[in-house]
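Please read them with the structure open beside you.

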Amino acid sequence: MQYRKKARDGVYKLIYEFLFSGEANERTFAIMTAADMPAEELDYMKRAYYGVIEHIDELKSIVAQYAVGFDIARIYKPDLAALVLAIFEMKYMDDIPLNVSISEAVELVKIYSTEKSHAFVNGILSSVYKNITSGK
C-alpha cells in the first residue's frame, strides 16, 4: 500500500471514531501516526484529521445538501466518514486533485461499508465536484 493510501486510510478511521465520540482522540492519533511514514504523509494526516474536526458542521451540511431524501443522522458512519474526508480534501487541500479525493473515498467505502455505499458516496461527491468546478 502506497504511503498516501495508508495515510488516508488512517485518517478515515480516525474520522470514523470521531463521528461516534464527538471529540479528537490524541491517543488514537498518536497510534495511527506512529507508523514509519514520510513526514509529508504525517503532515497530511494531521491537516486532514484536525481540519475535518474543525469544519465538521460545514462538511455535514454539504453532505446533507446533496443527500436528498437522507437524514444526515441516518447515513452510515463509514459512508459519512468517507464523505466528510473527501469534501474536506476537495475544499481545503488544493494539492490533491478533486477526482483523486472522489475515487479514494469510493475505494474506502468499497472496503469498509455496504455493497451499495460506493454508488451513494460517488453520487454525492460528483455533485460536490460539479458545484466546486462551476465556481459556485
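**Notes on the predicted model**

1. Charge. The protein chain carries 16 positive and 19 negative side chains, and the centres of these two sets lie 5 Å apart. Please bear in mind throughout that this is a predicted model.

2. Overall architecture. The protein chain has seven helices and zero strands, and its order along the sequence reads α-α-α-α-α-α-α. Its radius of gyration is 14 Å, close to the 14 Å that the globule rule gives for 136 residues, so the protein chain is as compact as a globular protein of that length. Along the principal axes, the C-alpha trace spans about 40 × 30 × 30 Å.

3. Among the contacts in the protein chain with a separation of 6 or more, 73% are accounted for by residues 24 or more positions apart.

4. Helix α1. This helix covers residues 3-21, and with its 19 residues it reaches 27 Å from the first C-alpha to the last, close to the 27 Å expected at 1.5 Å a residue. Its buried residues are R4, A7, R8, D9, G10, V11, Y12, L14, I15, F18 and L19, and what covers them includes α2 (26-32), α3 (39-54), α4 (56-66), α5 (77-92) and α6 (98-112). Just after α1, G22 takes a positive phi of about 80 degrees.

5. When its neighbours within four places in sequence are left aside, R4 is in contact with E40, E41, Y44 and I96. Of these partners, E40, E41 and Y44 fall within the range of α3 (39-54).

6. Helix α5. With 16 residues, α5 reaches 22 Å from its first C-alpha to its last, close to the 22 Å expected at 1.5 Å a residue. Because 13 of those 16 residues are buried, α5 is largely enclosed by the rest of the structure. Helix α5 is also among the elements that cover the buried residues of α1.

7. L83 in α5. Which residues does L83 contact, once its neighbours within four places in sequence are left aside? They are V63, F120, V121, I124 and L125, and L83, which lies in helix α5, is itself buried, with a relative accessible area of 0%. From L83 to A7 the separation is 76 residues in sequence and 16 Å in space, taken C-alpha to C-alpha; A7 is one of the buried residues of α1.

8. A67 in the loop. Where does A67 lie? A67 is found in the loop between α4 and α5, and at 3% relative accessibility this loop residue counts as buried. A67 and T133 are 66 residues apart in sequence, and their C-alpha atoms are 19 Å apart in space.

9. I111 in α6. The place of I111 is in helix α6, and I111 counts as exposed because its relative accessibility is 59%, where the cut-off for exposed is over 50%. I111 and E41 are 70 residues apart in sequence and 21 Å apart in space, C-alpha to C-alpha, and E41 is one of the residues in contact with R4.

Key: Residues numbered from 1 in each chain as written. Heavy atoms only, no water. Helix = DSSP H or I, 4+ residues; strand = E, 2+ residues; numbered from the N terminus. Contact = heavy atoms within 4.5 Å. Expected span 1.5 Å × (residues − 1). Buried < 20%, exposed > 50% of the residue type's maximum accessible area, 1.4 Å probe, protein only. Rg over C-alpha atoms; globule rule 2.2 N^0.38 Å. Lys, Arg positive; Asp, Glu negative; His and termini not counted. Charge placed at Lys NZ, Arg CZ, Asp CG, Glu CD.
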